[in-house]
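Biologist: Could you take me through this entry before I set up any calculations? I would like to begin with the fold and then turn to the contact and the cavities.

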There are 2 protein chains.
Amino acid sequence: MIHQDSYKQHISAQFNAELESVKNHLLEMGGLVEQQIGKAVEALLHRDSGVAEEVVAGDERVNDMEISIDEECFRILARRQPAASDLRLVLAISKVTTDLERIGDEASKIGRQAIKATEEGGSSTSFVEIRHIGAHVSDMLRRALDAFARLDVDMAVEVVIADRSVDSEYATAMRSLVTFMMEDPRTIGPVLGQMWALRSLERVGDHASNIAEHVIYLVRGLDVRHVEPDQLMAQVEESE
Amino acid sequence: MIHQDSYKQHISAQFNAELESVKNHLLEMGGLVEQQIGKAVEALLHRDSGVAEEVVAGDERVNDMEISIDEECFRILARRQPAASDLRLVLAISKVTTDLERIGDEASKIGRQAIKATEEGGSSTSFVEIRHIGAHVSDMLRRALDAFARLDVDMAVEVVIADRSVDSEYATAMRSLVTFMMEDPRTIGPVLGQMWALRSLERVGDHASNIAEHVIYLVRGLDVRHVEPDQLMAQVEESE
């Protein structure tokens, strides 16, 4: 009996180590993707095509990490057949890695816009907006990953709600860029580039919000993916 | 012994029925999403805000289906603890449902552009491009879902390769729209709307391609998510 118990403990310790490991790899991927976004925004603001090239090249590592995390999830499910909350964790990791990979894609798109902007020269009209929305979504991403690491529902709810402000900041920035283009049609080319970059940043906010929703699901078993933010808090509080 | 065998057969038949059921739900969701894209494009081309409103409202059903398919996947994994290829299938379904939900989001965005375009009036400049790229990505989506239903790798490879033509058609269409705007800045507002719609369609092509990549992974165990199309065929042939 003692022998069997210690065997079980051994298996369970190994399993926990595997779960910790895949979780750490996910957070490592999150850190890389955060860096990619930060560098892409800097490259765009400072017209630094060297940094932009680094971002575009760095996307390969993000892609590799997605594949390897998915394989890790597959192996854990195949060998450990986890139940209940561990199973939810593995499934959430497998979904979050997709969101991180897509954030990586957006960073790479912004990097390509930065390269184009550097080649074309000309002035940037939406520095303030890009810097501001870039900082906002980077902060959301960092908090979404922190919330995931600590299974912190309150922080996750904040991220989902913050996405609403990003959407409205984005809409305002786009309107002012349209006005700008209309007033000076020679700016159409570069301003469009800035619009695409803003669009990418807005998508990063969406993905950060998705990650936060997975945290809420993990902790509360509550699927809030399509709940409106104003009802979100009430639903989360009810589920306590 | 006979009793136990028949019990095992019973369990296995039930398990197969559950797998079939979740696969069918996924294909049903795929059919709905295909319809949503088709209707959104028609609404945009014919300035039909009634149909556009239907598309926007219909996104809720798409969202509900995503949640219910994810729950089905969770239940199968928790109760059946499938191994090897069945496990891969369930994981692929859980990833494909995310792609379908995002295609639904793009349909909804196109629907909103259609409503805006109807309100604003004015002429559409990119009928041909929207119709053409819309038909192309709808066809890709249908074939990606067919490939999934039949586990047809050849068809899946075709879809991934087709995405490359969509990307180049999209780039051409965008360039001509930029020229159009520059020549007549009064068209900036409506032309931007058409650009967003084209961007959404291009994203639909990306998601259809993702679905096809999951089929290749399912059948060949080959992760081709980040393989360039020109190397894709060779890798898939090698894996036979």
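Modeller: The discussion below concerns a predicted model.

Biologist: Which residues does the UniProt domain annotation cover?

Modeller: The unreviewed UniProt entry annotates "domain: PhoU" on residues 26-113 and 130-215 of chain A. Residues 26-113 are 93% helix and 0% strand, with end C-alpha atoms 27 Å apart. Residues 130-215 are 93% helix and 0% strand, and there the end C-alpha atoms lie 28 Å apart.

Biologist: On to the pair of chains. What rotation superposes chain A on chain B?

Modeller: A rotation of 180°, with 0.0 Å of shift along its axis, brings chain A onto chain B at an RMSD of 0.0 Å. This is the relation of a two-fold axis.

Biologist: And which surface do the copies meet through?

Modeller: The copies meet through the same surface, because 100% of the interface residues of chain A are also interface residues in chain B.

Biologist: How many residues does the contact take from each chain, and what area is buried?

Modeller: Chain A contributes 38 residues and chain B contributes 38 residues. About 3,600 Å² is buried between the two chains, and carbon and sulfur atoms give 62% of that area. A:Phe74, A:Trp196 and A:His226 supply 18% of the area that chain A buries against chain B, more than any other three residues.

Biologist: Changing topic: how many cavities of 30 Å³ or more does the structure hold?

Modeller: There are six cavities of 30 Å³ or more. The largest cavity has a volume of about 180 Å³.

Biologist: Which residues lie nearest the centre of the largest cavity?

Modeller: A:Asp70, B:Leu91, B:Lys95, B:Tyr217 and B:Arg225 lie nearest its centre, out of 14 lining residues.

Biologist: Which helices supply that lining?

Modeller: At least two lining residues come from each of α2 (49-80) of chain A, α3 (84-120) of chain B and α6 (188-220) of chain B. The largest share, five residues, is from α2(A).

Biologist: How do the lining residues divide into nonpolar, polar and charged?

Modeller: For the largest cavity, the lining comprises six nonpolar, two polar and six charged residues.

Key:
Residues are numbered from 1 along each chain as its sequence is written. Chains are lettered from A and ligands numbered from 1 in the order in which they are written. This is a predicted model: local features need pLDDT of at least 70, side-chain atom pairs count only at pLDDT 80 or more; totals for chains, interfaces and linings use all residues. Side-chain values use heavy atoms; hydrogens and water are left out. UniProt positions are given in the numbering used here, feature names are shortened, and annotations may be inferred rather than shown by experiment. Helices (H or I, at least four residues) and strands (E, at least two) are DSSP runs, numbered from the N terminus. On a 1 Å grid over the protein atoms alone, a cavity is a set of points where a 1.4 Å probe fits but cannot get out, and a pocket is an open set with protein on both sides within 12 Å along at least five of seven lines; lining residues have an atom within 4 Å of a point. Grid points are joined across faces, edges and corners, and a volume is the space filled by probe spheres set on the points. Ala, Val, Leu, Ile, Met, Phe, Trp, Tyr, Cys and Pro count as nonpolar, Asp, Glu, Lys and Arg as charged, and the others, Gly among them, as polar. Copies are superposed by least squares on the C-alpha atoms of residues with pLDDT of at least 70 in both. Contact means heavy atoms within 4.5 Å. Buried area is the accessible area (1.4 Å probe) that two parts lose on being put together, summed over both.
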